[in-house]
Amino acid sequence: MCGIAGLIHRGNTSNVGFELQGMLQALKHRGEDSTGYALYGKTDGQNFIMRFKVGENVAEGSSSVKEDVSVYDERKKIVDSYLSELGAKVIKEDRILPYSLRYEIQYEKDLMEFSQKIESVEGVEILSMGKSLEVIKDLGNAEVVCNRYNLDKVVGTHAIGHARMATESGVDIKSAHPFWGYPFSDVSVVHNGQLTNYWNNRRVLENKGMRFMSECDSELIAVYLAEKMRNGATLEEGMKESLVGLDGVFTYFVATKDSLGMAKDTMAAKPLVLYESDDLVAMGSEEIAIRSILPQEIETYDPFDGEVKVWQI
Amino acid sequence: MANLKASEKKSKAQSMGLHTEVLTGKTQQKFFNPDEAENFYYFGTYDVDFNKRTEIDVKNMDCREANKKIDELMKDGYGTIVIKNPQGKHSLGVGILNKLNLIFEGSLGYFGCGSMDGPIVRINGRVGWSCAENMMAGKVVIEKNAGSCFGAAIRGGDLICKGSVGARTGIDQKGGTIIIGGDAGAFTGFMMQRGRIIILGDVGINLGDSMYDGTIFVGGKIGSFGSDAVEAELTDSDQDWLKRKLKVAEIGENFDVSKMTKVVAGKKLWNYDALEPTEKKGAI
């Protein structure tokens, strides 16, 4: 059934990695096949942070095929050479796990061309590209993933995350949320629900040059919104259009460098509880997610059917 | 199908012996006999004293531990139990088949107070999805907002939310009364079969969709009517009942009920009668 959570601090920063970990761990009964974080941290705004993978986590329960680590090394080498060809300068390089890397990059040109080149390497996927955003996702529950990537100390303004019970596609990182809003920097999406016109929309979007990395229906939301924004729509306009263009039952969150939004389908079939104050907005599939960071008595409510809301930092 | 009157159908079915069938084995009917009341045992019920009051802090308990503790306290005769720090936990206060004053000082998660029969519950916070699902009797008052499927399939009792509620309130409702002080979401009264829903605020789209029976009263705007839901005349008797009910519920006592919209089933979707399929076959 999956669980989603998100929070945005308005006017200040906080330890969003730790807070989101608590929220997602409270939702682990909704699914712990994989957990993903989209964290919007403090950066100098000059360089891109690229999170990417050169292989899958093939731990127990994974639906991925096991590969030798030497294959990952080969792929990394090709990525490095492509970065050089593209004129991107790697400022800092971290290989967090054999299959998971974080590069700080100086790059000024078109991100679509950049992404297509990098992802042309077999088994390589950019998880996120942004000057504020970092997407971290892997198999296991929130605590496991947080510990594996040392996320509990990440400071930032806002974050969204997802605890996944795999239903429509495999147990692997490529199908895990959040999804990056390719090719826009700093856009990410998490979703709880099922989309029933996935293939119709996917075919249309692929014909327009948009890319899909998985067969997870939730990825469609990120690509759908990215395509709307590419054609000049604001985030909120794109989200409102999605209530008509996407068929099925869904509640989703989308975040950009300076905003966080939620949308709920017209059947209101998927849960969402929301807390709003002047300096903090927190939301999740269940109230216990919010309670993990706000244990005191608070005012919360369920947004109604067909509702779209966007908050700025 | 032959054009038979209902009485003719019934007599024809009876002539086939369908109404004189003697049930045996597991399906044997047992009727309550007042003379044997002292031998009648209702599982999970205790003699409690409302003046005997206690508090429990469930902050570090899971729902099973908390519900077990409530049961133990009722067994010890406590008739008023205050629950501290529920903190949005799921399934608290479920399956209570007893008279009891139960007070939650905080909010509940999903399925709070489900399948209960008799208690009077006050929740000084919010409730998540499916609050009081399948309630048979009693009264539940929520001081703040409620999630979706509020009062799903309740059979009886009063369920009162002073704030707003999510979608599908009163879905499959089979009796009792649901009262909402604020707004209600889409598909309110979806497939309701009996009972009443009162909404003082606005209500979303598809109100009363596919309802079989029952009545919905709305004080504010209606997003849209669902399939087979129609507006009906608000009678003097309806208004008297609404005033009395809102007063007893301590909500909207001064609300102008004369401007409420009454919604009932158009019954155009009905395609069956009082006969069981086997009876119908025999009657044709």
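**Exercise 1. State which residues of helix 2 of chain A meet which residues of helix 3 of chain A, and describe how the two helices pack.**

Solution. In this predicted model, the residues on the helix 2 side of chain A are A:Val79, A:Tyr82 and A:Leu86, and they meet A:Phe114, A:Lys117 and A:Ile118 of helix 3 of chain A. Sorting the residues of this contact by class gives five nonpolar, no polar and one charged.

The next step is the geometry, for which helix 2 of chain A is taken as residues 69–86 and helix 3 of chain A as residues 111–118. Their axes lie 10 Å apart, and the packing angle is about 150°. Because angles over 145 degrees count as roughly antiparallel, helix 2 of chain A is roughly antiparallel to helix 3 of chain A.

**Exercise 2. Work out how helix 5 of chain A is oriented against helix 6 of chain A, and list the residues that make the contact.**

Solution. Begin with the angle and the distance: helix 5 (residues 198–207) of chain A packs against helix 6 (residues 219–230) of chain A at about 40°, the axes being 11 Å apart. Such an angle makes helix 5 of chain A oblique to helix 6 of chain A, and the crossing of the two is left-handed.

Then turn to the residues: helix 5 of chain A contributes A:Tyr198, A:Asn201, A:Arg202 and A:Leu205, while helix 6 of chain A contributes A:Leu220, A:Val223, A:Tyr224 and A:Glu227. The classes represented in this contact are five nonpolar, one polar and two charged residues.

**Exercise 3. Determine how many residues each chain brings to the contact between chain A and chain B, and characterise the side of chain A.**

Solution. Counting by chain, 16 residues come from chain A and 22 residues from chain B. On the side of chain A that touches chain B, helix 8 (residues 287–291) of chain A gives the most, with three residues.

**Exercise 4. Summarise the fold of chain B in terms of secondary structure, burial and contacts.**

Solution. The secondary structure of chain B consists of four helices and eleven strands. For burial, 43% of the 284 residues in chain B are buried. For the contacts, consider those in chain B with a separation of 6 or more: 29% of them are between residues 24 or more positions apart.

How values were computed
Residues numbered from 1 in each chain as written. Chains lettered and ligands numbered in written order. Predicted model: local features only at pLDDT ≥ 70, side-chain atom pairs only at ≥ 80, totals over all residues. Axes fitted to C-alpha atoms, helices over the stretch in contact; angles between N-to-C directions. Parallel < 35°, antiparallel > 145°, perpendicular 65-115°, else oblique. Contact = placed C-beta atoms within 7 Å. Nonpolar A, V, L, I, M, F, W, Y, C, P; charged D, E, K, R; others polar. Buried ≥ 20, exposed ≤ 12 C-beta atoms within 10 Å, placed from the backbone. Left-handed = near helix turned anticlockwise from the far one by under 90°.
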